[in-house]
Structure formats: C-alpha cells, structure tokens
Amino acid sequence: MALLEIKNMNISVDAGGMEKRLVQDVSFEVSEGEILGLVGSSGSGKSLTSMAIARILSDDYKVTFEEALFMEKRLDLMSEKELCDIRGKEIAYVFQEPMTSLNPVVTIGKQAEEPLILHFGKTITKEERRKTVIDALKDAGLDDPEGLLDTYPHRLSGGQRQRVMIAMAMITKPKLLVADEITTALDVDTRNRVIDLLKHYRETYGVSIIFISHDRKLVDNLADRVITISNGKILENAGLSDDDMPSPTTEKGRTRQKRAGGLDKPVPEPVLTVKDMSFSYKDKNIFGKTEITPVLKNVNLTLFKGETLGIVGKSGSGKSTLVKVICGLQTADKGEVTIKEGYEDPQMVFQDPYSSLNPAKTIGKILKESLILGLKRKGIKPSDYTRTKSYGQAVMEMLKNVGLSSEIAFRRVRELSGGQRQRIAIATALISEPKIVILDEPVSAIDADLCDQVLELLSSLREKFGLSYIFISHDPEVINRTCDRVMVIEDGETRERKK
Amino acid sequence: MRYVGKKLIALLVTLAAISFVTFFAFTIIPGDAATNIMGMDATEEEIEALREAMGLNDNIFVRYGRWLLGVLRFDLGTSLQYSIGVSELIGGRLKATAGLAFESLLIILVLAVPLGLLSALKPNGALDNCITTLTQVGMAVPQFFLGIMLTYVLGVLLHVFRMGGYVSPGDNFGAYISFLFVPAITVAVPKLSMMTKYLRDCIVAEKRKDYVRTAKAKGNDAARVLSHHILKNALIPSLTFFAMIVADVFAGSIVCEQVFSIPGVGRLLIASISNRDFPVVSAIVLYTAALVVVTNTLADILYRAVDPRVN
Ligand SMILES: Nc1ncnc2c1ncn2[C@@H]1O[C@H](COP(=O)(O)OP(=O)(O)O)[C@@H](O)[C@H]1O
Ligand SMILES: [Mg+2]
C-alpha cells in the first residue's frame, strides 16, 4: 500500500481572467520508506507539485486532484484545520533557500520546537521539548546544539541553516519528508553530507522522502526511483533510471538501495589543517612602543589530499600572510598549523617570477640550488640523493615536466618569456618534491592564453605527483575553473564559499 | 552597551550643535529685544542702557555661554510678552500639548496595528481596499477642516463636546482628558492613516518571504503565522516610523490647538513669533529639535534591542 498516492493533479493560476495551467495531470505514488526522486529543469513545476501535496500553496493557485491519498486519508477533501494537523507532523518540508527559510527574528530553539508545540501541545513538558530539540539538532549533525538554542539564524552558515531546517522537519518523525532542491544552494562538500543525512534518516526512522532536484546525477545517486517532470507534466517512462523500475520492496530494489548507500566517495584525507589560528604583525614604532596590527583572526581551513583549495580575498585581506604562516615563515600568535606526516615542507609558487628568481644565475643553477636547499630542510644527505640520480638529471627531468626543453637550463631569467618564467617558478617549487604546493596568484601576471596553458600544466602536475594545492587568487573566474573548494578570506577571517 | 554609550555621546554633540545654531540664528535676525521692550518711542540712550544691562553688547560666544548655562538650569530667560520665565511659560503650555500628544498616540497605537493587520489579511481584497481608501482620505483631509467637522457634528449636533472647554489638569483631570479626546482624534487621524498604511505594506511584504512558507509547512494556521511570525518582523521597521510620529505629536499641533483653542506649545509658538518674543521662540525651537533627536536616538537603541540581526 502506497503511503502517498497522487492521481491527476492539476495546478493553475488565474492570468487576467484566463486560466493558466502550470501543472497538468500529474500522478505519482510514494511507498513507505522509499526515496522518490523528482527531476526536471528549472521552471518545470517541481516546487508547485511538491507544495501542492500538503496544499501549502497560496490561494492564488487553484489545485485540483482526482484523488490525493495519504495514509489512506483523502488530502484533497480535508479542511484547512485537518491539513494543519498533518503539515509538520506527518508531512514535513525542507526548501531550497536555507538563507531565508528561517524566521530572522526568532531563535533557532524557538523555531525548532514549534512543530512540537503545534502538534503535541501540552502532552510534552518544556524539558522534554528542549531535550527533543537538542537531540534533533545533534541528529542533523550540528555541533553544540545547546549553544544553538538561543542563537539567531543570521549567525549560521547556509549549511548549518539547512541542517536546522532538516532537524526541524524531522523533529516530529514525519512519515513523509519533501525535500525541494535542498542541496542546490550548498557547496559540494556540504551537499554530500546533507545527502548522507537523508540516507541516515531513511535508515533510522524509515521516513519516505520525495527528493527534488534539477540535478539528475544527484537524484540517481540517492533515489530508489526517479520520475521526470517537464513543462508541468510527468514524462512517460523517462523516469526509469535503470532498465526497469524496482520498488524498494522487491529484491532488486533492495540491492539498489544498498548500492545507493554504498556509493559514497572515499572519505577525504586531510593533509594540512589550520585551526583557530590568529596572527598579528608586531612592529616597534618610533617611540619604542610595540604596535600590534591584527591580520588573521581565528582562521580555520583544511586541505584534503589531492584537491585544489582556492583562497580568494581582496588585496590586503591577509592571503599572503596566511601563506607565510602555513610555510612557517611567520609564527602564529594562537592556534596551530598541522601538516600530516609525509606532507611536510610545502613549497610556494609566487606571482612575480622575475623578482623571485635570481637574475644573475642560470636556470640550471637556480633549480639545483632549490633542490639542495630542499634536501637540507628534509635532512637528506646529498650523497644519498645522488645515488639514484645526479642533480643534472633531476634538473633536466623537472624542465621536461613543466614543458620546457633542456636547453633552457643554460639561460638566465631575463632571456625567458613570461610563460617560461612562470614554468620555471613552478619547477623551482616542485624540484624538492613537495606534496603540498601553495600557488600565490600564479597566473595574475600573464595574459589569458598563457594563463590557460599554465593552469593546464598545474592540473596535470597535480595528477602526476599526487599534489594538493592551495590556490590563491583575487580572480573568481580563475578560482572557479581550478578549485574543488573555495575559502573566502575577508577582514582576516575565513569562511567557506558556496558554489 | 558600547553602542548605547556611543549613541548618547552623538546625541549630546547633536544637541550642542542645535543649541548653538538656534542661538546664533536668533541673534542675527533683525529686531532686538531692547527695542522691543522699550517700545518705538524710547530714546537711543535708554535703549542702549538697557542693552548694556541685558548684556546684549557682549561678544556672541560669551552670550552663547551665558545662555547655554541658563538652558542647562532650565533658565531660558523671560518672555517679553508675558513677563514670566520662559520655562515656566512653556511648562504650563506643555501640560495641554502633552495630554493631547498622549491621547493621540494612544489612539494611533490602539488602532494602527489591528487596522494594518486587517488590511493585510487579504491584500487587494474588499476590506483592504476599504481601509486603504480610508487611510488615503485620512492623509489628505486638512486638519482644520477635520477639526471643524468634528466640532460641528459632536459639539453642535450631538452636544457631547463643548468648544473651547479646555480645563487645566490641576483643576479637573477628568474634564481635561475628556475635552482633549476630540482634538486628539484630529491630530491622530493623518498619522494613524500613515501608520496603518505603512504597517500594512510591511506585513504584505513579509508575507511573501520564505520563512512564512516554512511556518505554514510546520502546521501553523493562518492566524498563528501572522501573530507568531510575521508581526514581529513587520513591527521592527515600523518602530522608526513611530518615533517620527511621537516627536511630531509632542512638538504641538499648531492647527489643532488653534481650532480648539487649546493653550498648548503650538499656539504659544505662533503668538510668540508674531510678538517677536525671541526667548520663547528660541526655547520652543530648541525643545522641538531636541525632541526629534532624543526620540530618534531612543528608537535607534530600541531597534537594536529588538532586531537580533544588528548586533
Ligand atoms: N503565480 C504564477 N503565475 C504564473 N506562473 C507561475 C506562477 N507561479 C509559478 N508559475 C510558473 O510555474 C512554473 C513552475 O514553477 P516551479 O514549480 O516553481 O518550478 P521548479 O520548482 O520546477 O523550478 C514556472 O514556469 C513558473 O514560472
Ligand atoms: Mg523550485
């Protein structure tokens, strides 16, 4: 028996005396414990369809059903009062816009407990309510749930707010959760965690979920069954993501569910973490008094193995200072920088290779010196290194890796083009075989064509040597193209940016 | 707390600036107190002697300093036309104005919120259109006309209101309150109309926001969505608007006091201007300006206290 069965739903609005049909003859059903995916491009009618289920659309919309059965009761025949009893208790919603979906002037605690007040009223005490709220927040993966109770939404990030929304929806243990594009506004990382959370709720509480998204791949990954909506109509059969349509009660459906659950990416491995780090410059002024200029405040960031982490920020926001602290050129006032074993000695590539490379020396010499310095830092004896290959060999190999001919080794910096210089800058950083490379505005000084080539080179080197990059730029376009995740640094504080 | 401190300092600086501008403005206006007092037929010497005695010949900053010290001690000089202390004079008139102001504000408060709510229940519905039309009329009707109409209907036709029957609160408090009620309506109507319209627009704007959809999805019925979610959000911006009304009403309504013969600050201002009674005029200007600045500061502080988003 289906939990929800919608038969021939139509939604229309009155457009200047004419009836405009927005959703036409939509029928679908959801079984107990099933995750039903609803995909469609933007404007196809997904949101209207989902909101029409518990009839939360405003009166501007005319909604008709042939029949709408939920737990064997007719939703389409219910009075507003009866519907209020079902909304938030049996059918709960989470929406796309985490930033605006919470009431800005009511505390998280008050908002989260509201479904309990509305649906259980006096049957539970204040203490029980508080405990339930804390448990629900914790269940949704929020840290410090007690602290959140008296917090207002504007203090929370988008990801946190969406978790609050989910916790609030799940607090009454509803039978059906309608999730309308709930991950669209979130960054990739948070998105995956929210998806895991939905799986957790289904496993733990057996809640049925209607998961709505325009992202077909995402839906395929999570849902047991997928239907597609286009121009307000369900496309016949197009929803079958596999050769047939297994329901979760059949053998095949169960294996599919398992598979969906096990499709998780491997857990990312952090190689560098900066925790609650603060830094200020201390200068003695002419009176001998120490002047303190705070630059970084409680900076937190994690670099995972094999990823490119972008850091954007205006000039003067503290990007370069952050890099210096990470590389150990400056000591943090507070907090710590931890680098995983085997990933020590991160190297830097600078924006302006001309000034960072000694103009008097040949390129071959510069590279050799970098290599020797690197060995020294790591405490490797030169004789141990040269047993496998000579310095000259190492230099030639490196030049080849950055796409330059060996003849370059005998030239000096001023005899090179801008693109070649930038490649040399990369080579000097990589020759000591680091695992983490910090790229400080690596393409800011070169033109667009060269920029593309350098970015391509960087990404191929990352694959080849298993590098992790921290990529600093003021240019959002470059960042978007190259980075897996982006941190924004502003007034010395960092936050994760949503894509 | 630091914010409140900052605000109070800004308030003091503004008040000092206002006091200086007021003082300065009244010293450069042609016409001089000494001539005024002595009358047109006094001799030059007599006037000059009085000038000297009144300290009018001193340097402007010295005179400002003296005047400011007086202001701080509530000694604003002597009224030229009534020959009594200015603060005493204004204090007496303030009884009428304040009573009128309190009653008007009460009417505005009691009616604006429910009217705004009713109007916003169904935007562009019959009730909304009805209330909106009324508010438009209320804003457009001239105060003297409204005052006269009320006097005519309530006083002449229904005999429930006696024209010119102002009683001082010391003599008969009940009569004072009940007499001021009709003038208070006259003062309140345009402001009530504005406030109702403003509140209605705020509520209608809030209704479209995403958190309202969330509240509905949680199982709140329409009334509770309004009372528990929309109202607070809509009232916060209305606070600043209300502060403006408060300052305005306490400054005294010239038209209304004239129409109902109420001895309030507004009427005093008119009489003093036509008699060139500058100590009184400057005191009233100072009072009005200070009123605006103080209420606005209070509104800002209150705003911060009720809106969690401004930290
Ligand atoms: N009040 C309205 N008047 C006219 N068209 C509307 C109205 N509300 C929504 N629509 C249209 O209905 C379609 C479906 O909207 P929606 O369900 O929000 O799409 P989706 O969630 O799939 O992006 C859109 O083309 C939208 O423009
Ligand atoms: Mg949508």
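Predicted model: local features only at pLDDT ≥ 70, side-chain atom pairs only at ≥ 80, totals over all residues.
Q: Which residue places a polar side-chain atom 2.6 Å from an oxygen atom of ligand 1?
A: Leu48(A) reaches a ligand oxygen with a backbone N or O atom, at 2.9 Å. The side-chain atom at 2.6 Å belongs to another name in the shell. That residue is Ser47(A).

Q: How much of the accessible area of ligand 1 does the protein cover?
A: On its own, ligand 1 has 570 Å² of accessible area. The protein covers part of that, namely 62%.

Q: Which element gives the largest share of the shell around ligand 1?
A: Strand S2 (18-30) and helix H1 (46-53) of chain A each give two or more residues. The largest share is 3 residues. It comes from H1(A).

Q: How much area do chain B and chain A bury between them?
A: The contact takes 20 residues from chain B and 27 residues from chain A. Carbon and sulfur atoms hold 56% of the buried area. The total is about 2100 Å².

Q: Which residue of chain B meets Glu114(A) in a salt bridge?
A: The two chains share 3 salt bridges. In one of them, the side chain of Glu114(A) meets a partner at 3.0 Å, N to O. The partner is Arg224(B).

How values were computed: Residues numbered from 1 in each chain as written. Chains lettered and ligands numbered in written order. Heavy atoms only, no water. Contact = heavy atoms within 4.5 Å. Buried area = accessible area lost by both parts, 1.4 Å probe. Salt bridge = Lys/Arg side-chain N within 4 Å of Asp/Glu carboxyl O. Polar contact = N/O pair within 3.5 Å; in protein donor to acceptor, adjacent residues only side chain to side chain. Areas by Shrake-Rupley, 256 points an atom, 1.4 Å probe, with all protein chains shown as cover. Helix = DSSP H or I, 4+ residues; strand = E, 2+ residues; numbered from the N terminus.
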